[in-house]
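Hello,

Here is the structure I promised to pass on to you. Have a look at it first, and then read my notes below.

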Amino acid sequence: MSNMPDILWLAEIKKEDIPSVGGKGASLGEMTSVGLPVPPAFVVTAQAFRRFLVETGIEDELFKKLEGVDVEDSDVLETTAQRVMKLVMSVKIPKKLEENILLSYKKMGDNEVVAVRSSATAEDLPDASFAGQQETYLNIRGDEDLLVAIQKCWASLYGARAIYYRAKQGFDDRSVDIAVVVQKLVYSEKAGVMFSSHPVTGESSTIIEASWGLGEAVVSGAVSPDNYVFDQNSKHIVDRYIANKIVEIVPDGSKGTKEVEVSKERQNATVLSDNEIIKLAKFAKIAEDHYENPQDIEWSIVGDTIYILQSRPITTITSKTSKKGKDVHGEGNILLEGQGASPGIATGAVVIVHSVKDLSKVKDGNIMVAKMTDPDMVPAMRKAAAIITDEGGMTCHAAIVSRELGTPAAVGTKKATQILKDGQIVTIDGEKGLVFEGDVKRAEEPQAQQAAGFISAPAQIITATSIKVNVSLPEAAKRAAATGADGVGLLRIEHLILGLGKTPNWYIINKKEDEFINELYSGIKTVMDEFNGKPVWVRTLDAPTDEFRNMKGGEDEPEEHNPMLGWRGIRRDLQSKSQFRLQVEAFKKLWNEGYDNLGIMFPLVGHPDEFIAAKGMMKEFGVDVENKTLGIMVEIPSSAILIDDFISAGINFASFGTNDLIQYTLAIDRNNQNVADMYRPKHPAVLKLIEYAIKRCRKAGVECSICGQAGSDPEMVKWLVETGIASVSANIDAVQKIRETAARTEKKIILDAARK
Ligand code: PEP
Ligand code: MG
């Protein structure tokens with residue numbers, strides 16, 4: 001191993017060289033060997049890096065600095081990382097090694113522009129995936145810049161994220177090396193990514209996304225790309241979607257890139273010719289066959305030449321169940337349009353539920369149709385293959401519960417209960433919110449049970465932003481945990497309580513408090529047991545009075561004109577001490593059993609006094625409040641405006657409940673379909689409140705999070721990460737894509753900073 005040369009050209013790389021050239025280098029080498037058109041590149045091997053550490057004399061000092069670092073202490077981690085990276089950058093690359101690098105660079109051409117990419121590797125686990133942990137530098141030209149870029153890649157092996165990741169994965173820093181790929185940069189005229197097989201279903205359809213300019217536009221999500229589907233079985237292009245491509249990313253002088261507007265005539269033009277699609281799909285097949293795994297491939301085209309830039313296994317989900325609505329479009333008569341509240345496609349016979357009496361009519365596989373669902377209906381919702389409602393938006397009861405059950409749902413269709421008839425066969429696309437006449441796609445329809453079994457693969461990507469998950473039903477805890485989420489950012493207990501069928505007050509009046517406490521305790525415990533040691537923020541009861549009315553004991557609930565603005569959340573608990581106490585007793589039981597990761601979140605808090613009062617009451621009930629994690633939901637504008645006062649009052653965290661924050665900022669009832677199109681999560685006033693609260697929390701070192709529906713929207717999350725949010729809690733079905741969005745945004749922030 002030690003006589004491994006400093007440099008290996010792609011054509012020289014063999015399978016056994018992975019420990020020397022890392023995953024990326026090996027992949028490019030292998031692709032070259034099977035005849036894929038990879039742009040010329042050489043790899044500065046891991047052994048060269050080791051020689052650099054030894055010959056410059058920094059090896060011992062470097063590893064000593066890393067010993068015993070508490071990676072959970074972000075200040076210590078950051079300081080250590082800075083020190084070690086500075087050390088790596090402080091020495092000069094040994095003469096011989098420098099000569100070898102520059103000689104190879106010269107062989108590539110005259111002052112070629114190159115991309116310099118890190119390719120980390122672990123000795124004992126050569127294929128360990130360190131993707132995204134180290135740096136890449138694009139548009140590098142000239143000896144001096146090249147050497148600096150390589151040294152920066154080496155240094156990035158000791159970035160905070162990389163050290164943290166290795167510690168968490170149990171890798172010894174000494175056993176991890178880094179190779180650096182120096183590759184001719186292709187100034188692509190068009191570029192993109194392709195999945196050799198469908199990334200969700202695993203079907204042998206190659207999906208190609210393409211746009212103008214450099215591929216970064218597609219990878220970073222800056223542009224909606226064209227989308228082409230090539231069926232590898234029939235060898236035909238079976239679908240194409242030509243997007244409106246407004247911007248492209250192009251090289252900016254000799255360094256960096258810039259975003260420019262696409263010329264008018266190309267904005268709606270197809271990026272790829274049929275011939276190019278076919279060729280790309282052929283390369284995708286070669287890569288997939290060779291690696292014996294579906295591949296996620298970056299490609300680019302210059303003139304007539306296609307280049308394959310990168311290929312790695314698809315890390316997202318493979319499931320037999322199609323979750324996309326795309327296939328059914330255009331094939332059926334659309335009966336209704338609403339909001340796509342829970343993705344998936346299902347076909348079945350309609351059962352209209354006008355009242356509780358109709359619930360028993362819902363059998364396994366039926367399509368349940370109701371004006372709106374309520375907690376009484378959850379048992380029937382479990383059986384339904386899909387759910388359609390007249391009313392509601394993305395955050396209504398039907399939407400939340402359907403997502404947790406993994407059942408496709410369209411909400412706010414306005415007239416489903418009038419238009420649809422009992423027994424009628426319909427197909428629903430829960431992603432697009434469409435209801436089709438008849439059995440549109442029998443062969444691929446997922447039934448509710450299949451959809452419910454769908455879980456995202458455990459996350460492969462580590463993000464600095466914590467990506468958590470929302471849970472409302474304990475039965476969804478397993479699916480939630482299977483997303484690999486970093487904790488639960490919102491556990492709504494009202495679904496659990498409303499499911500009991502009796503109001504908390506009923507338990508109090510009937511002296512059955514222990515029964516209530518135990519139900520609550522065991523529901524929360526079911527969730528906590530799936531998230532061992534990860535933070536779980538349980539929200540105290542937040543049920544509007546109208547939701548209690550149908551329950552036993554609900555007859556005493558006050559009639560309110562607008563329950564959304566009424567006696568709910570912490571306001572009610574502060575006035576109903578005994579109801580609050582029952583909840584706190586359940587929390588105490590968990591804390592006493594060692595569930596220290598349990599945090600409590602107070603809903604609908606509008607003034608710091610309410611937080612202080614709630615904390616005081618908990619203390620009165622025997623909780624050691626100073627040593628517990630207690631926070632607030634920011635869902636009334638006043639709580640965002642007064643965030644400094646909340647911080648002074650001692651909150652440990654704040655989480656945006658955007659579902660309410662939007663309705664209270666804009667005066668738009670979140671469940672009223674008549675004003676649904678005015679419900680704008682990205683309204684500047686909403687963003688201003690959020691931005692202000694994030695910045696103040698950051699400054700004070702208080703974790704700022706989001707658990708409203710906007711946290712499941714990639715575009716919003718991109719903005720939130722850019723604005724500095726510390727964590728995001730998404731719906732189960734959205735965790736994976738939100739994690740990817742956060743990772744991409746973080747990388748872009750780092751890349752932009754490096755280019756400055
Ligand atoms: C919110 O308001 O954004 C929230 C998460 O709470 P809920 O939807 O339960 O009101
Ligand atoms: Mg709320």
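Helices (H or I, at least four residues) and strands (E, at least two) are DSSP runs, numbered from the N terminus.

Some background: this is a predicted model, in which local features need pLDDT of at least 70 and side-chain atom pairs count only at pLDDT 80 or more, while totals for chains, interfaces and linings use all residues. Residues are numbered from 1 along each chain as its sequence is written, chains are lettered from A and ligands numbered from 1 in the order in which they are written, and side-chain values use heavy atoms, leaving out hydrogens and water.

Let's start with helix 25. This helix spans residues 658–666, and eight of its nine residues are buried, so the rest of the structure largely encloses it. The buried ones are Thr658, Asn659, Asp660, Leu661, Ile662, Gln663, Tyr664 and Leu666. Their cover includes strand 23 (488–492), strand 26 (629–634) and helix 26 (684–700). Just after the helix, alanine 667 has a positive phi of about 60 degrees.

Which element gives the most to the shell around ligand 1? Helix 25 does, with three residues. In total, 13 residues surround the ligand (a heavy atom within 4 Å), and the closest are Arg492, Arg539, Gly657, Asn659 and Arg670. The side chain of arginine 492 has an N or O atom 2.8 Å from an oxygen atom of ligand 1. Backbone N or O atoms also approach ligand oxygen atoms, at 3.3 Å for glycine 657 and at 3.0 Å for threonine 658. Of the 290 Å² of accessible area that ligand 1 has on its own, the protein covers 96% (Shrake-Rupley method, 1.4 Å probe).

Two other spots are worth a visit. Threonine 545 sits in helix 19 (residues 545–548) and, at 0% relative accessibility, counts as buried.

Glutamate 67 lies in the loop between helix 3 (59–66) and helix 4 (74–90). A polar contact of 3.5 Å links its side chain with that of arginine 174.

Best wishes

Note on methods:
A polar contact is a pair of N or O atoms within 3.5 Å; within protein, one must be able to donate a hydrogen and the other to accept it, and residues adjacent in sequence count only if both atoms are side-chain atoms. Buried means under 20% relative accessible area, exposed over 50%, partly exposed in between (1.4 Å probe, protein chains only). Contact means heavy atoms within 4.5 Å.
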